[in-house]
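Please look over the sequence and the model below before reading on.

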Amino acid sequence: MHNMEKYFDVSYIWNSLPILLPFLKVTFVVAGLSMIFGSFFGLILAMMKLGKSKIAQKLANFYITILRCTPSIVLLFLVYYGVPALADNFGLYLHDLNTAVFVVITFTLQFAAIMAEVIRSAYESIEKGQFEAAVSVGLSPFQAYRRIIFPQALVVALPNFGNGLIALLQEGSLAYTIGLIDIVGKANLIIAANYNTHALEIFIALALVYWILSILIEKFFGKLEKVFSKGKHTINTN
Amino acid sequence: MSEGLNYTFLIDTFFIALSGVPITLLVTVVALLIALPLGFLLALTRINQVPVLNWFSRIYVSFVRGTPIIIQIFIVYASVPLILSLFFERYNININVYDINPIWYAFIVFSFSTTAILIEVFRSALSTVNKGQLEAAQSVGLSNLQAYLRIVIPQALVVALPNICTATVNLIKATSLGYAMSLQEITLKAKVAANVGYNYVEAYIDIFLVYIILCSLVEYGFKLYEKRLRRYKYVSA
């Protein structure tokens with residue numbers, strides 16, 4: 001039994017948590033920025049897919065297919081090495097840029113592809129008649145979108161958005177590979193400081209943090225869905 | 001870097017990356033072969049609410065979906081050698097755990113995570129098949145096993161196939177993390193080639209291309225199979 005403790009000591013899990021948790025801030029900032037930029041870019045892609053232009057549709061589909069087939073770690077390194085190399089051609093020197101910037105670019109590109117599909121399917125789930133009815137009672141197209149289409153599409157999109165966010169958070173765990181000191185990066189630093197002993201305990205602590213976060217996000221979006229689908233019932237019953 | 005891409009290296013490394021495909025596919029196929037039946041059985045425990053297994057599957061699925069694969073890899077890669085070395089020590093087996101081929105760890109990790117994903121895929125697919133189908137099959141004299149094999153599974157498979165395709169593509173993508181276990185797959189092979197002359201941009205373009213080709217082919221294959229399976233969909237109508 002004593003021999004076992006040499007390898008595995010549960011106290012390392014609890015003791016590492018207070019050191020790890022402050023670094024969630026970095027994880028959150030990176031994921032948050034990627035979410036904001038990615039949603040915006042995803043909206044543009046969804047509009048391209050839903051629009052009339054065949055070229056725009058093809059372009060958006062091509063982008064989404066490519067991104068779906070690319071492992072996050074490959075995209076991360078492609079951006080990390082490729083963007084500065086590309087910038088060199090324009091006389092820009094980007095090799096000293098903060099690693100967080102490359103991480104945000106990578107996950108913005110990836111999240112946009114996910115969001116494009118989420119937004120498109122949510123939009124298509126709303127009947128065309130809804131928009132026509134809204135316009136026919138005198139709403140401007142913008143008002144019709146804002147007051148009629150958007151609130152309904154939002155309810156459909158919310159669970160998928162939540163899943164996308166969980167995926168974003170998890171894929172973001174790879175940011176340590178290009179040197180970002182987020183929660184995973186810090187975990188690896190702790191392990192290195194322990195001369196690579198008790199790595200398992202630190203990884204378990206890390207897994208627990210991610211697990212709890214994912215459950216919280218899922219619960220939050222479940223609640224949010226309930227709040228926003230309130231309007232749905234009144235429409236149905238009338 | 002500013003002198004542009006090294007095209008000779010780009011082309012040579014493409015083939016080095018390509019030489020990692022068999023390992024990637026081997027890990028993918030083994031993981032699927034283990035995960036498909038296991039995921040299906042555990043999905044049945046969820047649907048039939050088998051007392052202990054039902055809870056086990058729920059926690060298992062929640063854990064895998066809630067944690068990044070890289071951390072699952074870290075945990076397996078840190079714990080399995082520990083457990084094995086204790087085991088070998090106790091029974092005086094003369095095997096050095098560090099001599100074990102990393103592909104075994106890859107099999108464990110990727111079967112572990114894919115099984116959980118497939119439990120959810122099968123659970124939702126099975127729940128789309130009308131309960132009456134099973135009852136009708138039984139009432140005409142089919143055994144439970146026959147009813148599942150001939151009536152329920154073919155219909156559920158049509159629904160499950162697009163999700164199995166997504167799971168397979170995600171699995172192929174996830175094997176790129178095999179570098180953490182020094183698995184000699186696409187990413188690691190090209191990366192090692194790039195280490196010599198710092199041709200990382202070229203190497204990652206190659207890796208990127210290989211994955212796109214591989215995943216597009218897999219998606220195309222699934223589409224063809226889906227078309228063939230579609231005929232089952234109208235049987236129930």
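**From one residue to the chain contact**

A:Lys54 lies in helix 4 of chain A, which covers residues 54-68. The model shown here is a predicted one, and in it A:Lys54 counts as exposed because 8 other C-beta atoms lie within 10 Å, where a residue with 12 or fewer is called exposed. Between A:Lys54 and A:Ser39 there are 15 residues in sequence, while the distance in space, taken from C-alpha to C-alpha, is 23 Å.

Chain B can be taken as a whole. Along the principal axes, the C-alpha atoms of chain B fill a box of roughly 70 × 50 × 30 Å, and of the 237 residues in chain B, 38% are buried. When contacts in chain B between residues at least 6 apart in sequence are considered, 80% of them join residues at least 24 apart.

Two of the helices of chain B deserve a look together. Helix 1 of chain B (residues 7-18) packs against helix 9 of chain B (residues 200-229) at an angle of about 45°, and their axes are 9 Å apart. That angle makes helix 1 of chain B oblique to helix 9 of chain B, and the crossing of helix 1 and helix 9 of chain B is right-handed. Among the residues that meet here are B:Phe9, B:Phe14 and B:Ala17 from helix 1 of chain B, and B:Ile205, B:Ile207 and B:Val210 from helix 9 of chain B. The residues of this contact divide into 10 nonpolar, 1 polar and 2 charged.

B:Ile207 leads on to the other chain: leaving aside residues up to four places away in sequence, B:Ile207 touches A:Val74 as well as B:Ala17, B:Ile186, B:Thr187 and B:Ala190. In the largest nonpolar core, which has 121 residues, B:Ile207 is one of those that touch the most other members, along with A:Leu206 and B:Tyr204. Helix 6 of chain A (residues 99-124) provides the largest share of this core, 14 residues.

What remains is the contact of the chains, to which chain A gives 26 residues and chain B gives 28 residues. On the side of chain A that touches chain B, helix 5 (72-88) and helix 10 (199-228) each supply at least two residues, and helix 10 of chain A gives the most, with 10 residues. The residues on that side of chain A divide into 20 nonpolar, 5 polar and 1 charged.

Note on methods:
Residues numbered from 1 in each chain as written. Chains lettered and ligands numbered in written order. Predicted model: local features only at pLDDT ≥ 70, side-chain atom pairs only at ≥ 80, totals over all residues. Axes fitted to C-alpha atoms, helices over the stretch in contact; angles between N-to-C directions. Helix = DSSP H or I, 4+ residues; strand = E, 2+ residues; numbered from the N terminus. Parallel < 35°, antiparallel > 145°, perpendicular 65-115°, else oblique. Left-handed = near helix turned anticlockwise from the far one by under 90°. Contact = placed C-beta atoms within 7 Å. Nonpolar A, V, L, I, M, F, W, Y, C, P; charged D, E, K, R; others polar. Core = buried A, V, L, I, M, F, W, Y, C linked by C-beta atoms within 7 Å. Buried ≥ 20, exposed ≤ 12 C-beta atoms within 10 Å, placed from the backbone.
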